[in-house]
Amino acid sequence: MSTSATTLAPKATEKCGKDHGSFIWYELITPDPSGAKAFYDAVVGWVIDHEAMTGPVEYRTIKRSDGGSAGGLLCLTDEMASHGARPVWLGYIAVDDVDASVAAIAQAGGTIQMPATDIPDVGRIAMVADPQGAPFYVMKPTPPADRPDAASDVFSVDQPQHVRWNELSSSDAEAAVDFYTRHFGWVQEGDMDMGEFGKYRFIQKDGVMIGAIMPKMPDMPVSLWTYYVGVDDIDRAAAAINDNGGKILNGPMEIPGGEFALNGMDPQGAAFGLVGPRKA
């Protein structure tokens, strides 16, 4: 780990590149890659690779029906589980300098769960957790040699089979807003009053609303990010959850704009969200 950055990160608008602070990849960590493939292919419409990529870990690409990539699937091994890893969805946030970001996150009270590591032809990554314990990755990707200007499109505000919303449930939502806006250049503007549960604070990146930060609900054991994947029909997707061994935890419920969202758990125990229209 670099020790060159030992102070809090500045606002990204002060010196960081345009990609700094963008969600650029999503990863499902699961003990049953084949079972997860069957489930999400049916629910979302993805085509997750049957075979793992060549390498030291079992890793599969999650593909959209338009041929693009939606993220990756990492096999949760017994060794990983013995160190406390559990089925979970994690997001990757782009940074200009992984080592500097890791040092600044640690200085701010976050934790380093996997030190900065180079992945050949992919980029440099580290797994961290914010001061309230919510895990995520930071990454500086290596663009393909034949496409030096390639940009991630795994996040979209309105397209199915992309993540459309990033929602953090935090044990200290106000501190989390300060942390993420400071380190990643996000803006917090606007909120929705949830009564006794507090405020649902909207977050923006370069003028685009990418999600929200909210207080952790009493029945939620830890602070955690939930990623809402777009679907073509929320009722079709809800039926597919029930038909394929998953569980609906909440919803579908109507959200501002006329679409519907739900929270679910896959058969392996990873929580996720869905958002989309009701076509019936």
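Across the whole structure, a search finds 23 aromatic pairs. Phe 23 and Trp 225 are both buried.

Another edge-to-face pair is made by Phe 39 and Phe 272, at 5.8 Å centre to centre and with 70° between the planes. Here, too, distant parts of the chain are linked: Phe 39 sits in helix H2 (residues 33-44) and Phe 272 in strand E16 (residues 271-276), 233 residues apart. Phe 39 counts as buried because its relative accessibility is 1%, and Phe 272 counts as buried because its value is 2%. Elsewhere, a ring has a charged neighbour: Arg 278 lies over the face of Phe 260, at 4.2 Å from the ring centre.

## Helix H2

Let us stay with the helix that holds Phe 39. H2 has 12 residues and reaches 16 Å from its first C-alpha to its last, close to the 16 Å expected at 1.5 Å a residue. Which residues of H2 are buried? They are Pro 33, Ala 36, Lys 37, Phe 39, Tyr 40, Asp 41, Val 43 and Val 44. An α-helix has 3.6 residues a turn, so residues three or four places apart point the same way. After H2 comes Gly 45, with a positive phi near 100°.

Strands of a sheet pair through backbone hydrogen bonds, either parallel or antiparallel. In this model, eight strands form an open sheet with mixed pairing, in the order E2-E3-E4-E1-E5-E8-E7-E6. Which strands are at the edges? They are strand E2 (47-48) and strand E6 (111-119), each of which pairs on one side only.

At the E2 end, E2 pairs with strand E3 (residues 59-63) in the antiparallel sense over two bridges. Ile 48 has Ile 62 in E3 as its bridge partner.

## Strand E9 and its partners

Strand E9 (residues 163-170) is mostly covered, with eight of its eight residues buried. E9 and E13 run antiparallel and are joined by six bridges, and Glu 167 stands opposite Thr 226 in E13. E9 also runs parallel to strand E12 (residues 208-215), with five bridges joining them; Asn 166 stands opposite Gly 211 in E12.

## A hairpin

Strand E10 (residues 187-193) and strand E11 (residues 199-205) run antiparallel and are joined by five bridges. Met 192 stands opposite Tyr 200 in E11. Together, E10 and E11 form a hairpin with five residues between them, and Gly 195 in the turn has a positive phi of about 70°.

## Backbone details to look for

Most residues other than glycine have a negative phi, and most peptide bonds are trans. Which peptide bond is cis here? The bond from Gly 251 to Pro 252 is cis, with omega near 0°, and Pro 252 is found in strand E14 (residues 247-254).

Asp 121 is a residue other than glycine with a positive phi, near 65°, and it is found in the loop between E6 and strand E7 (123-129). Asp 121 is exposed because its relative accessible area is 74%. Asp 206 is not a glycine either, yet has a positive phi of about 55°; Asp 206 is found in the loop between E11 and E12. With a relative accessible area of 61%, Asp 206 is exposed.

## How confident is the prediction?

The protein averages a pLDDT of 91, and 94% of the residues score at least 70. Over residues 1-15, however, pLDDT stays under 50, and the model has 27 contacts beyond four places in sequence for that stretch. Where pLDDT is low, the predicted coordinates should not be read in detail.

Note on methods: Residues are numbered from 1 along each chain as its sequence is written. This is a predicted model: local features need pLDDT of at least 70, side-chain atom pairs count only at pLDDT 80 or more; totals for chains, interfaces and linings use all residues. Side-chain values use heavy atoms; hydrogens and water are left out. Rings of Phe, Tyr and Trp (its six-membered ring) pair if their centres lie within 6.5 Å; planes under 30 degrees apart count as stacked, over 60 as edge-to-face and the rest as tilted. Buried means under 20% relative accessible area, exposed over 50%, partly exposed in between (1.4 Å probe, protein chains only). Helices (H or I, at least four residues) and strands (E, at least two) are DSSP runs, numbered from the N terminus. A charge sits over a ring if NZ of Lys or CZ of Arg is within 6 Å of the ring centre and within 35 degrees of the ring normal. The expected span of a helix is 1.5 Å times one less than its number of residues. pLDDT is the predictor's confidence in each residue, from 0 to 100. Contact means heavy atoms within 4.5 Å. Two strands pair if DSSP finds at least two bridges between them.
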